[in-house]
Amino acid sequence: MEKLKNCILSQVSIEKKSMDNILSVFEPLEINKGEFLIKSGKICRKMAFIESGHMRMYDIVDGKEITLWIGSDGRFITSLSSFIFETKNNWNIQAITDCKLYIINRKNHFRLNKTEPKWLEFDNILLANSFTLLEKNMFSQLHTTAKQRYNSLLKEEPELFKNVPLQYIASMLGITPESLSRLRKMN
């Protein structure tokens with residue numbers, strides 16, 4: 001739970017009592033490679049902090065898996081709109097590797113927002129980071145080349161290339177696995 005604590009403390013300063021209250025509502029969960037945290041079509045009522053491992057958010061379009069995002073150690077993952085608004089989830093969230101997670105359910109999340117001001121502050125930062133990532137990815141798809149996207153991901157998250165199947169990375173970059181292979185050979 002130290003990684004979760006450090007993740008929160010990296011964004012906001014929190015007194016020990018408040019931190020203990022926050023951490024007390026997270027429950028450990030281990031899921032194996034290939035297992036799902038949630039499948040599309042369901043209502044997502046949990047958010048996970050990834051203690052270790054890699055997870056991906058994806059959907060199936062015309063029979064083809066399209067990876068939206070890959071989460072790794074030290075990151076939170078959920079279907080944000082489903083979690084907040086209790087609507088049907090559009091994404092599958094699946095373990096790419098064996099994962100150790102800490103789960104907070106929706107009820108406890110919103111209770112903390114009302115009782116722990118520092119959790120609300122942290123939650124707002126998480127939300128802002130989610131929108132920033134989405135905005136960055138949209139801009140990247142519109143205004144950068146596949147090579148630029150590949151080089152940027154390699155620089156920002158090199159561990160993905162060691163632990164995640166390349167077809168998932170290619171999909172997240174918006175290119176074919178063959179194009180990713182060519183880019184890797186050029187570097």
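**Close-up 1. What covers the buried side of helix 9.** Helix 6, helix 7 (160-163) and helix 8 are among the elements covering the buried residues of helix 9. This is a predicted model, where local features need pLDDT of at least 70, side-chain atom pairs count only at pLDDT 80 or more, and totals for chains, interfaces and linings use all residues. Residues are numbered from 1 along each chain as its sequence is written, and side-chain values use heavy atoms, with hydrogens and water left out. Helices here are DSSP runs (H or I, at least four residues), numbered from the N terminus.

Close-up 2. In helix 9 (residues 177-186), Ser 179, Leu 180 and Leu 183 are the buried residues (under 20% relative accessible area, 1.4 Å probe, protein chains only). They span an arc of only 100° around the axis, so they sit on the same side of helix 9; the arc is taken from the directions from the helix axis to the C-beta atoms. Turned away from that buried side are the exposed Arg 182 and Lys 185 (exposed is over 50%).

**Close-up 3. Where helix 6 meets helix 8.** The axes of helix 6 (residues 146-156) and helix 8 (residues 166-173) come within 10 Å and cross at roughly 120°; axes are lines fitted to C-alpha atoms over the stretch in contact, and angles run from 0 to 180 degrees between N-to-C directions. Arg 149, Tyr 150 and Leu 153 of helix 6 make the contact with Ile 169, Met 172 and Leu 173 of helix 8 (heavy atoms within 4.5 Å).

Close-up 4. Asn 187 lies in the segment after helix 9. Leaving aside residues up to four places away in sequence, Asn 187 touches Tyr 150, Asn 151 and Leu 154.

Conventions: Helices (H or I, at least four residues) and strands (E, at least two) are DSSP runs, numbered from the N terminus.
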